[in-house]
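Dear colleague,

Please find below the sequence and the structure that I am handing over to you. My findings follow directly after them.

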Amino acid sequence: VLLSSAICNKSGKALLSRQFVEMSRSRAEGLLAAFPKLMSNGKQHTFVETESVRYVYQPLEKLFVLLITTKNSNILEDLETLRLFSRIVPEYCGSLDEKDVVDNAFEVIFAFDEIVALGYRENVNLSQIRTYIEMESHEENVYQAVRKSQEKEAHEAMKKKAKEIAQQKKERDRMNRGKGSSTNISSLISGSSRLSPDGPMVGDTASSASTVSKPQSSYTSSSSKPTGPSRAMKLGGKDRDINTFVDKLKAEGTDVSTAVTKHSIASANKPESPPSNVIQSAMHLRLEEKINLQARQDGSLETMEVLGNLVLRISDADKQNVHIYVKNNDDRDVQTQTHPHVDRKLFAQKSIIASKSASKPFPLNNDVPSKRKIIIDAAYCISVNLWPSYNNGMTEVNVEYELEQEELSLSDVNILIPIPHGSGSPVIKEVDGDYDYDGSKATLIWSLPVMDSSNKNGSLEFTVAGDQSDFFPISMSFYSTSLYCHISIDGVKAAENGQDISDYSSEMLCKAD
């Protein structure tokens with residue numbers, strides 16, 4: 001029976017110890033304290049025996065890995081166990097010094113517990129121990145995701161509040177300067193009216209003054225930036241950071257309390273999906289993806305999530321009980337979830353979507369979300385670079401885009417660039433595609449009907465008055481009939497006899513969320 005294990009230094013000081021049978025602390029400390037006195041100098045031994053116990057040990061550089069067993073224990077098995085213990089220490093401690101052993105004591109003890117249970121050796125190897133130790137906990141992942149989300153939301157709310165205060169101060173300064181110039185102009189007109197013999201009367205003077213002051217009123221109303229965040233893809237934006245994993249938990253019914261509700265406000269500005277040109281048959285399959293991306297101004301990726309759904313709609317009662325074969329050629333980390341009525345075991349083993357019970361086939365004339373896929377922290381599909389350069393009171397802005405995933409073909413691409421309020425319409429020097437300026441929202445809209453491998457690069461150059469930080473965040477919207485993930489429908493068969501069903505329709509849609 002294996003009583004205890006320990007890691008000691010050359011002087012016999014125990015760095016960590018684990019007892020596998022019931023033993024008092026005083027006895028454990030006494031056994032460990034007696035070990036350095038029993039070792040003989042100049043002799044190569046792997047064990048030392050006393051009247052009651054046996055010490056089996058192995059030196060590891062400046063340390064000893066020690067096992068304390070009973071005298072009737074099988075020493076060959078004990079030596080094999082000792083070799084496995086000796087391989088565990090460098091696996092979880094790295095360098096074999098006292099500091100690393102103490103810092104990683106709990107990981108080493110957890111590994112020891114996988115080897116020995118109640119004093120007897122378990123039939124495990126190093127690879128299995130590594131797998132058991134790295135086992136993930138769903139509850140821990142949920143807790144960590146909620147905690148990180150709340151920290152990010154609080155940090156972003158603090159930054160947004162500071163930005164709003166600075167913006168309000170800037171607007172007050174502009175209003176004060178505008179009122180001063182308006183008053184001087186009004187006084188000048190009033191004075192000239194009194195001096196001119198043919199000038200207007202006093203009532204006309206007041207009318208002229210109010211007419212001149214009207215641009216000031218228009219300027220004041222247009223100087224406040226819209227506060228509702230867009231639901232389009234954000235590049236360089238810092239106004240919104242909602243953890244997508246937490247949103248998924250909320251959708252599944254998990255109670256997650258957050259202080260920020262910008263996600264629901266932004267849904268009002270969600271771009272509409274393009275109309276479908278696919279003629280739907282009695283069985284229609286729809287694969288759709290939503291890409292949510294946020295990047296910092298320096299180009300580094302902050303968050304990215306690809307959320308996909310496979311939606312099934314059946315209008316023929318003879319086709320309610322079917323098997324849908326899904327082909328997944330994506331080598332990225334795709335997390336999949338199935339509807340509660342779908343056979344999860346069959347999908348996990350053969351990538352087949354089928355009803356869990358033959359007595360409960362797929363419903364008629366209802367959109368049934370059969371499968372959901374999630375990719376977090378994926379690679380860029382599009383990159384947009386903006387280079388502002390201040391020169392003689394004006395800012396020259398160069399904007400470039402590049403389609404990183406050349407297999408994608410995007411349609412109705414709109415890149416929205418904020419323009420400083422009060423600076424007027426920008427002067428366009430060069431543009432690939434079309435552009436439009438929305439004066440009410442102070443936004444330059446760069447439009448491209450198609451973005452694919454034939455025009456994977458493009459640029460826009462314009463000049464406008466403003467600071468270099470006034471052109472962020474950039475937003476983007478698009479849709480595509482090809483998916484970001486390499487997932488497709490491989491076929492449909494009847495569940496009863498396995499006969500192929502070819503008269504079904506399908507469509508794919510990918511868009512910025």
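A salt bridge is a side-chain nitrogen of Lys or Arg within 4 Å of a carboxyl oxygen of Asp or Glu. Please note that the model is predicted.

Salt bridges

A search of the whole structure finds 12 salt bridges. Glu49, Arg54 and Asp78 are linked in a network of such bridges, and Arg54 takes part in both of the pairs described next. With Glu49, the side chain of Arg54 forms a salt bridge in which N and O are 3.0 Å apart. With Asp78, Arg54 forms a salt bridge whose closest N and O atoms are 3.9 Å apart. Asp78 belongs to helix α2 (residues 75–93) and Arg54 to strand β4 (residues 53–60), so this pair ties together parts that are 24 residues apart in sequence.

The surroundings of these residues may also be of interest to you. Arg54 has a relative accessible area of 6% and is therefore buried, the limit for that class being under 20%. Asp78 is buried as well. Glu49, in contrast, has a relative accessible area of 40% and is partly exposed.

A further salt bridge joins the side chains of Arg83 and Glu80, with 2.8 Å from N to O. Both residues lie in helix α2, and because they are three residues apart, about one helical turn separates them. Arg83 counts as partly exposed, with 44% relative accessibility; Glu80 also counts as partly exposed, at 40%.

Helix packing

Two packed helices are described by the angle between their axes and the distance between the axes. Helix α4 spans residues 105–115 and helix α5 spans residues 126–133; their axes come within 10 Å and cross at roughly 125°. The two helices are therefore oblique to each other, and the crossing of α4 and α5 is right-handed. On the side of α4, the contact is made by Phe110, Ala111, Glu114 and Ile115, and on the side of α5 by Ile129, Tyr132 and Ile133. By class, six residues of this contact are nonpolar, one is charged and none is polar.

In summary, I would draw your attention to the network of salt bridges that links Glu49, Arg54 and Asp78, and to the right-handed crossing of α4 and α5.

With kind regards

Definitions and conventions
Residues are numbered from 1 along each chain as its sequence is written. This is a predicted model: local features need pLDDT of at least 70, side-chain atom pairs count only at pLDDT 80 or more; totals for chains, interfaces and linings use all residues. Side-chain values use heavy atoms; hydrogens and water are left out. Axes are lines fitted to C-alpha atoms, for helices over the stretch in contact, and angles run from 0 to 180 degrees between N-to-C directions. Helices (H or I, at least four residues) and strands (E, at least two) are DSSP runs, numbered from the N terminus. Angles under 35 degrees count as roughly parallel, over 145 as roughly antiparallel, 65 to 115 as roughly perpendicular and the rest as oblique. A crossing is left-handed if the near helix is turned anticlockwise from the far one by less than a right angle, and right-handed if clockwise. Contact means heavy atoms within 4.5 Å. Ala, Val, Leu, Ile, Met, Phe, Trp, Tyr, Cys and Pro count as nonpolar, Asp, Glu, Lys and Arg as charged, and the others, Gly among them, as polar. Buried means under 20% relative accessible area, exposed over 50%, partly exposed in between (1.4 Å probe, protein chains only).
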